[in-house]
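Let's take a friendly tour of a protein model. Keep the sequence and the 3D view side by side as you read.

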2 protein chains.
Amino acid sequence: MARLENTTDYLIAPRVQTKGLARALTGTDQHGQPIDLNVIEERPLTIYLNAQEIVTAMTIGDYPEYLALGFLRNQGMLRDTDTITGVDYDEELGVVVVRTDSMTIFEDKLKKKTRTSGCAVGTVFGDMMEGLDNVTLPAMPVKTSDLYTLAAKINRTPSLYLTAGAIHGTVLCQGDRPLVYMEDVGRHNAVDKIAGWMLSEQIKPDDNILYTTGRLTSEMVIKTALMGIPTLASRSGFTAWGVEIANQVGLTLIGRMKGQRFVCLSGETRLIRDADPYKIVDEPKQSNRKGTQ
Amino acid sequence: MARLENTTDYLIAPRVQTKGLARALTGTDQHGQPIDLNVIEERPLTIYLNAQEIVTAMTIGDYPEYLALGFLRNQGMLRDTDTITGVDYDEELGVVVVRTDSMTIFEDKLKKKTRTSGCAVGTVFGDMMEGLDNVTLPAMPVKTSDLYTLAAKINRTPSLYLTAGAIHGTVLCQGDRPLVYMEDVGRHNAVDKIAGWMLSEQIKPDDNILYTTGRLTSEMVIKTALMGIPTLASRSGFTAWGVEIANQVGLTLIGRMKGQRFVCLSGETRLIRDADPYKIVDEPKQSNRKGTQ
């Protein structure tokens with residue numbers, strides 16, 4: 001536990017020092033007194049797949065290439081069979097273009113659907129669910145001691161959340177080690193940036209754990225499963241459908257993880273309960289995440 | 001303050017007793033003991049504008065007609081000039097269709113855009129910003145005593161958040177009275193349901209206040225402005241762009257409102273500071289919203 005405040009262990013740590021991700025603003029407090037605040041930035045990023053405009057995401061603006069790649073991958077618009085030939089980011093225009101060597105199945109389907117029934121915004125969700133049919137996650141055992149260590153390390157890591165608030169964090173972990181810590185105003189952006197990094201680095205996620213500050217909704221569970229990660233943990237709650245899908249694909253799902261407390265709603269048989277909850281220290285007050293809704 | 005626990009004052013109160021919005025699930029806690037939980041439902045709802053499929057939203061499922069109307073209105077797809085001839089909800093299919101007497105400008109634009117450049121998902125955001133150009137909000141004075149009373153009433157109102165968690169709330173208020181309290185898994189759905197109700201009831205929002213549990217992002221600020229509501233308050237934080245837009249359209253923006261504390265980031269001159277913050281009691285512990293990320 002001596003390395004708690006040391007972020008050099010991360011492959012990617014939160015970009016606390018990077019300029020342009022937060023801004024100093026002055027407001028007034030409850031007594032009418034000026035108060036200086038560090039406020040998170042938010043800017044539009046339009047994602048293209050080849051010539052096809054896909055979506056405009058609101059993001060803090062770091063790692064636009066990973067965000068675009070991960071978004072397209074998690075929506076099932078980019079598949080294993082697609083060969084990516086380039087990812088071009090134009091900062092001035094706020095545009096990122098992901099190019100493949102030939103037209104993707106998604107573009108082809110979209111073209112057909114567009115011809116028959118107009119635009120196809122609503123297909124996005126159906127495509128995500130469709131991708132789940134082929135997913136069976138590896139039955140990876142999870143030590144509760146690792147989960148506690150991860151939560152403690154992550155909560156004490158200097159982050160934009162701790163300096164500015166109003167932001168979500170998602171961390172790709174292995175054993176008791178947090179590897180890649182992404183933050184963003186949109187909770188799905190943080191996950192998508194991790195998916196983009198994994199795709200770029202050709203990561204095999206069979207023994208990874210994903211930790212998120214966000215709720216365990218169906219979309220978060222689906223994304224984690226599509227990324228091939230067998231364990232998902234969060235300090236927040238869950239939805240009934242998120243729990244259902246986790247059970248269906250064999251995802252170990254841990255929610256409401258704060259201090260010594262947690263709830264397991266899927267994958268109890270994969271948990272190795274090697275930690276004594278009574279020996280877990282409470283969280284330091286400054287990492288008491290609340291209000292980041 | 002005698003009416004705090006009384007929800008009969010609401011025109012629409014949270015649907016705590018309605019079946020089908022939450023489900024009993026059993027998990028295991030940190031000691032490996034079974035734990036019974038009340039978990040929020042989440043289901044897909046596909047919204048059509050006439051023959052045009054628009055989007056599939058993930059929602060708890062109450063007020064689908066208001067959600068569809070409000071979503072279309074807040075995205076600028078339905079305008080004042082459109083005459084709505086019907087809103088049809090099919091529970092089994094999870095589909096709601098909003099019908100107008102003639103083709104909307106949005107459908108017409110989408111058709112043209114679809115012909116020239118394929119699907120037009122990315123235009124949604126541009127259309128929202130475009131609608132802001134015509135918005136000037138009334139310079140409504142806001143009493144801090146009303147803000148404190150509203151926060152206290154809302155936090156003590158029986159809600160799905162208090163019984164199940166993992167859900168967002170948004171409340172349309174007038175003076176010190178909360179009128180319509182909507183909850184949903186998606187934070188924008190709760191706002192959209194209020195917009196749909198306002199549209200149905202032909203509400204003039206010139207003296208309304210919108211209270212939300214969610215963050216004050218650009219999208220939340222834009223929606224509030226498009227709904228014509230001059231004041232937006234939240235217990236959560238804000239983004240720099242949200243603050244910028246609020247200043248631009250003359251929206252009074254109050255964030256991080258908890259107990260006696262709050263921060264005003266836009267509209268300080270419209271605040272009437274008639275309450276002594278030191279006399280505000282702290283929030284009861286069970287309404288300490290956290291983890292609803």
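The report below looks at how two chains meet and how one chain is divided.

## About the model

This is a predicted model, where local features need pLDDT of at least 70, side-chain atom pairs count only at pLDDT 80 or more, and totals for chains, interfaces and linings use all residues. Residues are numbered from 1 along each chain as its sequence is written, while chains are lettered from A and ligands numbered from 1 in the order in which they are written.

## Where the chains meet

Chain B brings 66 residues into contact with 66 residues of chain A (contact means C-beta atoms, placed from the backbone, within 7 Å). The largest share of chain B's side, six residues, belongs to E4(B); strands (E, at least two residues) and helices (H or I, at least four) are DSSP runs numbered from the N terminus.

Look also at strand E13 (residues 261-266) of chain A: two bridges join this strand to E1(B), and the two run antiparallel. Strands pair if DSSP finds at least two bridges between them. Here Val263(A) has Asp29(B) as its bridge partner.

## Two domains in chain A

Chain A splits into domain 1 (7-12 + 136-287) and domain 2 (43-132), with bounds from an automatic or database domain assignment. Over C-alpha atoms, the centres of these domains of chain A are 25 Å apart.

In chain A, 18 residues of domain 1 are in contact with 17 residues of domain 2. On the domain 1 side of this meeting, H6(A) gives the most, with nine residues.

How values were computed:
Two residues are in contact if their C-beta atoms, placed from the backbone, lie within 7 Å.
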